[in-house]
Amino acid sequence: MSKTEKYKEEFQKKLNELEAFIHDKKAEIEELKEKAKDKKDDMELEEKIKDLEEKKDEAEKDLAELKGKAEENIEEAKGKLGKVFKKFGKKLDK
């Protein structure tokens, strides 16, 4: 084997190693891109969960307010009905 052929063979070997290295690095990059995408998706999900929890808290607060108002209205209605029944009771007695 001549020196030229020997250098050519060594060059081809190095070239093959470099191509394999590049291929591996491309695979690593794709894997990192996928992980980054998953991380981004996780972050988006966490943000959605946070928003939903805030909305739930607001809804619970609104529900408590409505419940309080409903209880006030019920008590007020009971008072008015009591007055009406007292009037009717007096009229029915007469």
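Trainee: What do the side chains of E31 and K35 meet in?

Mentor: E31 and K35 meet in a salt bridge, at 3.6 Å from N to O. The term means a side-chain nitrogen of Lys or Arg within 4 Å of a carboxyl oxygen of Asp or Glu. Keep in mind that this is a predicted model, where local features need pLDDT of at least 70, side-chain atom pairs count only at pLDDT 80 or more, and totals for chains, interfaces and linings use all residues. Residues are numbered from 1 along each chain as its sequence is written, and side-chain values use heavy atoms, with hydrogens and water left out.

Trainee: How far apart are E31 and K35 in helix α1?

Mentor: They are 4 residues apart in helix α1, which covers residues 3-93, so about one helical turn separates them. Helices here are DSSP runs of H or I with at least four residues, strands are runs of E with at least two, and both are numbered from the N terminus.

Trainee: And which other pair is about one helical turn apart?

Mentor: K78 and E75, which are 3 residues apart in helix α1. Their side chains also form a salt bridge, 3.7 Å from N to O. K78 is exposed, with a relative accessible area of 52%; exposed means over 50%, buried under 20%, and partly exposed in between, with a 1.4 Å probe and protein chains only.

Trainee: Which residues are joined into one network?

Mentor: K56, D57 and E60, through salt bridges that share partners. In the K56 to D57 bridge, the closest N and O atoms are 3.7 Å apart. D57 is partly exposed at 44%, and K56 is partly exposed at 43%.

Trainee: How many salt bridges does the structure hold?

Mentor: It holds 7.

Trainee: Changing topic: how many helices and strands does the chain have?

Mentor: The chain has 1 helix and 0 strands. Its C-alpha atoms fill a box of roughly 135 × 15 × 5 Å along the principal axes.

Trainee: What share of the residues is buried?

Mentor: Buried residues make up 0% of the 94 residues in the chain.
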